[in-house]
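Open the model in your viewer and keep the selection tool at hand. We will go stop by stop.

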Amino acid sequence: MSTEVWDIGAVPAAWTRRHLLDLESLSAEELNIILDTATQFKEATAGCTQKLPILTGRTVANLFFENSTRTRTSFALSARRLGADTIDFAASTSSLSKGETFIDTAKNIEAMGIDAVVVRHRTPGTAQLLAQNLDVSVINAGDGPHEHPTQGLLDILTIRQRLGRIAGLTVALVGDISHSRTARSNIWGLQKLGAHVILCGPSTLVSKRWEEFGVEVVYDLDKILHRCDVLNLLRIQFERQSTRPFPGIREYALLYAMTRERLERAKDNILILAPGPINRGVEVTADVADGSHSAILDQVTNGLAVRMAVLWLTLGAQGELTAQG
Amino acid sequence: MASSSSLLIEGGRVIDPSQGIDRITNVLIENGRVAAFDAMATGDVRTVDAQGKIVAPGLIDMHVHLREPGREEDETILTGASAAIAGGFTSIACIPNTEPPIDTQATVEFIQHLASRADQCNVYVVACVSKNREGKELAEIGQLVQAGAVAFSDDGAPVYDAELMRRALEYCQMFDKPILNHAEVRELTQGGVMHEGLVSMVLGLPGMPASAEDVMTARDIALADATGGRVHMMHVSTSGSIDLIRRAKGRGVRVTTEVCPHHFTLSDECLRSFDSNFKMSPPLRGQSHVEACIAGLVDGTIDVICTDHAPHAREKKMRELDQAPFGIVGLETALGLVVTQLIEPGHLDWPQAIAKMTINPARILGIPKGTLAIGADADITIIDPNVAWTVDPAKSRSKSTNTPFGGWKLRGRADTVIVGGRIKYQADGADQPSRQPVRAR
């Protein structure tokens, strides 16, 4: 292969960030740069199946302080598709019991000579804490219920590919909003790109106060089905809940599960997303999850594309690297 | 350092709310006591020039965590008392959530002994309400009073059992001691790291709702009302609890309260930085609560300004937000924040602010301090009301530097601090450098 094949241009001048910590602070222009770059990478790699070695010689460390299979694999594969080396650091929070702080752990990894850290942690703000304390790029792969920016981006990219646009669409996020980092990243990203966002779920998990940000909050899924272009079915995060926010799974499924019957009352071309891993029969029934409206597997591929784009942009592989928090 | 003899403080604006004094005059100190006003310098008396400065009764901080015994990596009695002096405080009351907790005569006397050896400010001891702070059995309150305890609190933890709280309020009446309670319904704050509101919702951080404070404040007021006991609500932070206290005072319930500088200065917006120096309990609240704290100070609902000085070693605060402990240091920034946030904007005048840091806490604790009455101990804080300074945590005398105010530009600080007639601190360093604290053991 000649280098021309890999000539994908420089990092756009409007992109100046070394870190990707959240979508709340990104502009619409920055969001579009990531989405456009991801689209370009997806095409250049035959749907993320081939290599595009533009980060050769770089090392990306995966620091996962919380269990994850999909996101971690996706980041590792994205880095390797771009020719970077990856190291995996699977730390349980038990390192704290050895008296080492989270920042100490990260600084140790940094001292081994890496270029970027992908961090997942159960506590909001940890990615930002690392960005303040390390000299390398920090990419947030999920900080507690705060944000999961690459998940938000891959959801948005999937919508854009399937429906051709974001502006003017009505997108409902269904389920456990309060414990969902995916919800927060989707809310900010979708709003900045001009979508109308509806939050739908039990009132103990969906605060009316989100309306202060221009989001619509509805508790009855059946009342919004007819006007939604996209449903993003969030997983109930049983592991983050100290108290039971609703009486039981059966009642939840009755009120919020996306079933064939509900699908029949939705728009003809409704798109069903789920950030996964899904609880089949709770958020969505199997026939809907595997049906033609579902884009669940597209999301997985787009996850690779988005993460390649984010790694390349933040590392400034072919552009000027400008420091910015 | 001159141990006693005479000292004349010349030309300062003397503000003593306990006597309604606010005028420019001289104060003569003899044998460690306030001897006279309007005195003139005689031949051999040492003088302190206080022109352009405020001469106040020594400031009192009734809510300080000294950490010793048990957590000397955070603070010791020596370093804490030394920080107090530098902050303008001549008397502090230390809170009993030490390890072991202050629930025996021996521990009270241990603290008094170390405080005396430290020889900085006066240290009063608040002892536990319940044995081992477990909230089950009353501590030996009578014996603790005999040892010198001035008030009772299980702070850090609320007195949870309402029956125990009721009994403590009844029992303390015969000693005329207040119960200081930390109001927090734990079922509502479990796992929380910040105020529950719009900001916690956006950040995905578990919240501590204002109602958790309000509910227990209402309970304690009801119990004080029913028993006739004295309850003092610690570090009040919500508009709801301030309003409850305001109304209770209006109908004669024996309830008093205090507020910390961070609660009338900062809001939960600060948590957007995810900096653990903004994590305290009660948490920084929304702006309407901050305004309620100021309104409570202005109308007198809030009697006292205290620090809730809560030192934590750096490595503890460097953890993730949910792992980092609650609390910030406050002794060395409190006065500057009072001047900058309350006096300069015109919320309080000087006599009002000084009352909340002198005679009001003295009355609640029942200690003979906070006054420049003739014959009183000569504990005096001379305040430079105009000096502008920048908070530098590296220069802190406290052993810990967990302050959110590093780099803040403040106005007003202690210029000269006198305890029992002896100059213990001078801002220009003219006091003898026995100031550099060394470990007492």
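## Stop 1: a strand pair in chain A

This is a predicted model. Select strand β5 (residues 170-174) of chain A together with strand β8 (residues 230-233) of chain A: the two pair in the parallel sense, over four bridges. Now pick out Val174(A). Its bridge partner in β8(A) is Leu233(A).

## Stop 2: the whole sheet in chain A

## Stop 3

Move to chain B. Here an open sheet of eight strands runs in the order β6-β7-β8-β9-β10-β13-β14-β15, with parallel pairing. Colour β6 (59-64) and β15 (304-305) of chain B. These are the edge strands, and each pairs on one side only.

Stay with β15(B). Its link to strand β14 (residues 255-259) of chain B consists of two bridges, and these two strands run parallel. Select Val259(B), then look in β15(B) for its bridge partner, Ile305(B).

## Stop 3: where the chains meet

Show both chains. How many residues of chain B are in contact with chain A? There are 18, and they touch 25 residues of chain A. About 1900 Å² of area is buried between chain B and chain A. Carbon and sulfur atoms give 59% of that area. On the chain B side, select Met201(B), Phe274(B) and Glu320(B). These residues lose the most area to chain A, together 33% of what that side buries.

## Stop 5

Next, look for charged partners. Two salt bridges are found across the interface of chain B and chain A. For one of them, select Arg272(B) and Glu24(A): their side chains meet at 3.4 Å, N to O.

Finish on helix α6 (residues 198-203) of chain B. With four residues, this helix gives the most to the side of chain B that touches chain A. Now colour that whole side by residue type.

Notes
Residues numbered from 1 in each chain as written. Chains lettered and ligands numbered in written order. Predicted model: local features only at pLDDT ≥ 70, side-chain atom pairs only at ≥ 80, totals over all residues. Heavy atoms only, no water. Contact = heavy atoms within 4.5 Å. Buried area = accessible area lost by both parts, 1.4 Å probe. Salt bridge = Lys/Arg side-chain N within 4 Å of Asp/Glu carboxyl O. Pairing = 2+ DSSP bridges.
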